[in-house]
Structures are given as C-alpha cells and as structure tokens.
Amino acid sequence: MQHTASLVTKVFIQRDYSEGTVCRFQTKFPTELDNRIERALLEQTVKTLNSYYVEAEKVGGQSYLEGCLACATAYIVFLCMETRYEKVLKKISGYIQEQNEKIYAPRGLLLTDPIERGMRLEISVFEDRGSSGSSPSSSMSSCGTAR
Amino acid sequence: MSAVMITRKVRKWEKLPGKNTFCCDGRVMMARQKGIFYLTLFLIVGTCSLFFAFECPYLAVHLSPAIPVFAVLLFLFVMAMLLRTSFSDPGVLPRALPEEANFIEMEIEAANGNVPSGQRPPPRIRNVQINNQIVKLKYCYTCKIFRPPRASHCSICDNCVDRFDHHCPWVGNCVGKRNYRYFYLFTLTLSLLTIYIFAFNIVHVVMRSVDQGFLSTLKETPGTVLEVLVCFFTLWSMVGLTGFHTYLISLNQTTNEDIKGSWSGKNRGQNPYSHMNIIKNCCEVLCGPTYPSVLDRRGLMQEDSPAAANSGGPCSFDNPGAQTAKTTAPLIPNEETPDDVKPSIAAEKSSAPKDDPPPAAKLPPLASPETDADTSIAKNQ
C-alpha cells in the first residue's frame, strides 16, 4: 500500500549547558510534539543520548592514556586508530537508527544524528496522509497534501 | 519554459560558507591568508637546514652523534604539530539551515512578546547557569545560532568556532577546541627546538674558535650567524607565548576570555569551567577527548545546477547562509524526500534569472545587529 508523507516542520531540542560545555540535551518536551509522541519515550531517548555523550567526553584514565600515547607518536597513531569518541559516535548513530525504526518512524517523526547538525538535535515532523488527526500549522509546509 | 536541472554529486566542503580554503579534496582546512604560514614554514625549515648542514657534522664528530639525531626528532615533532594545527578543523560550528534559523527566530519572537512599534527589540541573549555562574549566550547574526558557551565568531574565517582561542596568522588557521593542544605543543616544542639550536650554535662556535679563532670560524660556517639571529628573536617570543598559554591552560581559560576579561576582576565572577586545580585543568585541556569535526567536509551531497547558461554558476541563487542540500531520504519506507524546497528553487530559477532571495522569503524579517536596541547604542557610543 502506497504511504507517502511530507515534511511539516522541524523541531530542535536545545542544548543543556548547565553542566558546562559538554554535549547534553534538554529533556524539556517541545510543545510541537504534544500529540505526536509520548513524553516518556522522548525523554528516554534524550537521556540515553546524554549518557552516551557523557561516556564519550569522559576525562579519565582511558582518555589520558590515549592522549599520552598519541602525543608520543606525534598524533600519527590517529591515522590508523579510532578514538574513543569516534567509537561512541558509531554507537550513537546505531542507537538513533534503531530508535527511528522502532519508535519515531511509526509516529511520523525522524531524529537526525546531532553530529550532522553541529551537535544540535533535530526532529523532523512528517504529516501522515493516512492520519485523521489535525496537523500542526506551520509555515514550512508548502507542498500540497491534497488527496 | 523551466530550466533543465542537472543534479551532480559534490563534496560538502565545496558548498561550505565561510572564508576557508580547502585542499586535498576537503582533507585540509585553512584560513584564506596563508602568507605568514609560509613564512613560518620557511623560517623553521630554513634554520633547521642550516643547522643540519653547518653545525651537525662538526658536533656529531666532536661531541656526540646523538645531538643531530635528537634535533631531527624534535624538528619532525615541531613540523607534525604545526601541520596538524594548520590543517585541521579548529571546531567550526556549522551555520543553521533555514528551518533551524526560522525555528530560533520564532522562539525569540515568542520570548520578546509584543514590541511597541518604533522601539527596537531587546538584544538577543540567552542566560544559562553553569556552576553557579550566569553565562550569557550571544546570538550570531551570521551563523544564525545562539553560540554555545566559549564559542566565538572569527571575522577572518567568518565562522563560529567552539572554544575559540584566537586566530593565529602564523599557523594560518583559527585555534579552537579541536586544535588547541596541537597549537600548545607546537609552541612548546618550537621553543625547545629554538633553545636547542641556539645553545648548540654557541657551543659549536666556542669549540671551533678555540681551535681556529673566532673570525675564521664564522667564515667557515656562515650559516651560524643567520641561525643565531633567527633563534635569538624567535626565542623570546616563543618562550613568552608558551608561558602565556601554560598560564591559560592552568586556569582553563582561552585567550579570547583573557583579552575580554570575562573571568577577571571582582565584578565578573569566577571561571565556571575551571576545576580549581591546576593539574586537573591541564589534564582536561591536553589529555581530554579528541573531539571529532562536525563539519563533514568530505561527505557527498546533491547539487542542482541549471543546464542553461544564463544564470551565473550553480550557487548564484545562494545567500551565504543557506545550503542547497536536500535532506537525505528518511528511513520511513515509501517516504518522499521533503520536496517543499525543490519546487520553490525550481520556480525561482525559471521565473527570474536574476539573483532572487531563496526560500528565505518565508522566514520572518531577519534581524540584524542594527535593529537590536543595545548593540546599536553600543556602536554609537
């Protein structure tokens, strides 16, 4: 069965700077998504992402070892080795894809990986042609959704 | 009659706004003016070449072969740090795409409420509390984002850079979050190299003069005079700069914050980013995680260019802030790519060959610093 949708708007989850410059997103629920997704689900996603970024940016034993080893080799080792941050980014990418498939796509939403938007979290809101609910009015929708 | 569109794949760096130069198909990223960087390279390579040519043969024989070996290692390390500082992305923050810029504008308008006509709206500042300190986040009119704390807009490169330290013409790039440690190691090791060469020049001249006399030494190794001159002047500036940055690192401050006096003085409060422990601060700055670039310079994107010859290149309808990238097809099966962008671009191109503003017409009138109350008052004063 053909099922098409068009982009209605994009919602941006703001960064939470209360802990400093680390990458962290606010768990405040954006009002534009009120009737699209349950609060608890989005909050869970954001909290999990935050914990991934905490893991990536942790300044501890492993990061010191990595830093000192890299410095001793004039950082040439980074040409062949993947840094811990990059490994965590891959995990994040997989997590976002999984969340999109399981939770967000069925609700007509799409999470964009923050690394693609300069560490800003973007949620695209699509309108289901098959949905009977009213769509949030937006200045972005120019494509006709006439049936 | 609408123009025929040719879609071709380009690398994202080709469409990045800002005044950077890219080399090696996006692998290298520098500022536009590179003249002083070439001078830096010339001075380092030239002085070291003279050292290896004139001093090293004598010292290797008369003192120890370890001397030139160590000099070579130090030289290679200095070059590696210099090139890493110059060629890497300092931590540039990508500009907001039109939807995000629009979202932020709407949020600002909602927060400002109704501004009486004739009165300028308040300046665009967000306050956040970090470690019991109120930090003001400023809005960047060029990049159309609220800058994260410690980020600043570099007017030379025309980019917002995260943890902006300063723009260094000697390395031909900004120094920011991603390349600060390489910059510091460059200044440190260059100071060591300068001291090393200077010291062994003196040793060499003294040793040779004992045998041959001072003047004939200088005649035999004319390079020594040049090296001593270059090293003497470089030494003071490099050691001073290294000392200054060591001080900044121990306090976890940036040059930008130091110059502006953000955290000095009684009224300004304490630095909320400092751990109040010199070792912890040093460890965080020098041994912290290596942040990846958020620019994705080598990613591929679609670019629509007209087949017709009358409009000036593929980007003639761009304003510097907008990107022509279509959003990638979502994972939802049978979804169309968001095509609210396509028809408006095609319509613009077919109806008016002149440069029209792109879908920005849908955005609320974009504010500029001149329309904000405080910034214009500050300018007039």
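Let's start with disulfides, meaning pairs of cysteine sulfur atoms within 2.5 Å: a search of the whole structure, over all chains, finds zero of them. This is a predicted model, so local features need pLDDT of at least 70 and side-chain atom pairs count only at pLDDT 80 or more, while totals for chains, interfaces and linings use all residues. Residues are numbered from 1 along each chain as its sequence is written, chains are lettered from A and ligands numbered from 1 in the order in which they are written, and side-chain values use heavy atoms, with hydrogens and water left out.

As for burial, we call a residue buried under 20% relative accessible area, exposed over 50%, and partly exposed in between, using a 1.4 Å probe and protein chains only. B:Cys160 is buried at 0%, whereas A:Cys80 is exposed at 69%.

Now to the cores. A nonpolar core here is a set of buried Ala, Val, Leu, Ile, Met, Phe, Trp, Tyr and Cys residues joined through side-chain atoms within 4.5 Å. The largest one has 41 residues, and B:Ile44, B:Phe51, B:Met81 and B:Phe186 have the most contacts inside it. Two or more residues each come from β3 (28-31), α1 (35-62), α2 (66-87), α4 (180-212) and α6 (223-251) of chain B; these helices (H or I, at least four residues) and strands (E, at least two) are DSSP runs numbered from the N terminus. The largest share, 11 residues, is from α4(B). Apart from this core lies another, of 31 residues, including A:Phe12, A:Ile115, A:Val125 and B:Phe103.

Let me turn to chain A. Its three helices and three strands follow the order β-α-α-α-β-β from the N terminus. Of its 147 residues, 50% count as buried. Taking contacts (heavy atoms within 4.5 Å) between residues at least 6 apart in sequence, 58% join residues at least 24 apart.

One more look at chain B, and at B:Phe51 in particular. Which residues is B:Phe51 in contact with, leaving aside neighbours within four places in sequence? Among them are B:Ala71, B:Tyr196, B:Phe200 and B:Glu227. Thanks, everyone, and happy to go back to any of these on the screen!
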